[in-house]
Amino acid sequence: MSESYTDTVASTDAELRAIAEGVMASTSDGVLVRAASGRLISCSASGLQILGVGIDDVVGRGVSTPLLEMRREDDSPVPPELYPSALALTSGRDVEAWKYQVVLRSGERRWMSGDCKVVRGEDGEVVATVSRFTDITDEVSNRTVASEDAARFRTAFERSPIAL
C-alpha cells in the first residue's frame, strides 16, 4: 500500500476527522459531504449559513429528498437525480463549474456556483462526494443590472433623432 500525504500527517481516524473539520471550518465557501449511500453526512458552518439551514436538516438526507430546490437559468427545476452530488455519485466523475438558483426555505432565491469532487477509497470505489459552493447572487445581479443599463442606453441611442 502506498503512503499518502494524509497517512504521514494523521495516524488515526480521529486525527483525520479533526483535520477535515478544520478544513471545513476554515473556508467561507459552503461544503457538503455525501456518502456513497447517497446520504448527506456533513456540511460546513458557512454552508449551513449560506443555505439557511441547520445541521439537523442536512445529516441523513438522501438524494431523493433534496435539502433545497435547485433551478436552472431558464427557471426550470433540476430533478434531484441531476443535482451535482447525485450526478457525481452515479457517474463516478467530478462535476465542475455548475451554476444554479437555489430556492431557500424562506422562498428567497440565491445563485450558487461550485463543483463536486468524487472521493475514492483505496480500492478505487466511490466512497463519497465533496461539493463546494459559493453564493454568487450579487455577481449575477450586478451583471443583470449592467446588461439592462446597456440595453436601455442602446435603445435610447437608436431612437435618438440626433446623429452622433
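Modeller: A patch is made of residues with over 30% relative accessible area and no salt bridge, and nonpolar side chains are joined within 5 Å. The model here is predicted.

Colleague: What makes the nonpolar surface patch of about 240 Å²?

Modeller: Leu16, Ile19 and Val23 make that patch. Valine 23 belongs to helix H2, residues 13–25.

Colleague: Why is valine 23 called exposed?

Modeller: Valine 23 has a relative accessible area of 51%. Exposed means over 50%, so valine 23 is exposed.

Colleague: How do you know that lysine 117 and glutamate 96 form a salt bridge?

Modeller: Their side chains meet at 3.1 Å, N to O. The cut-off is within 4 Å, so the pair counts as a salt bridge. Lysine 117 lies in strand S5 and glutamate 96 in strand S4, so the pair ties together parts 21 residues apart in sequence.

Colleague: Why is arginine 110 called buried?

Modeller: Arginine 110 has 19% relative accessibility. Buried means under 20%, so arginine 110 is buried.

Colleague: What makes aspartate 135, the salt-bridge partner of arginine 110, partly exposed?

Modeller: Aspartate 135 has 26% relative accessibility. The closest N and O atoms of the pair are 2.8 Å apart.

Colleague: Aspartate 115 forms a salt bridge with arginine 132. Is aspartate 115 buried or exposed?

Modeller: Aspartate 115 has a relative accessible area of 17%. The limit for buried is under 20%, so aspartate 115 is buried.

How values were computed: Residues are numbered from 1 along each chain as its sequence is written. This is a predicted model: local features need pLDDT of at least 70, side-chain atom pairs count only at pLDDT 80 or more; totals for chains, interfaces and linings use all residues. Side-chain values use heavy atoms; hydrogens and water are left out. Patches are made of residues with over 30% relative accessible area and no salt bridge: like charges are joined within 9 Å, nonpolar side chains (Val, Leu, Ile, Met, Phe, Trp, Tyr) within 5 Å. Accessible areas come from the Shrake-Rupley method with a 1.4 Å probe; for residues, only the protein chains shown count as cover. Helices (H or I, at least four residues) and strands (E, at least two) are DSSP runs, numbered from the N terminus. Buried means under 20% relative accessible area, exposed over 50%, partly exposed in between (1.4 Å probe, protein chains only).
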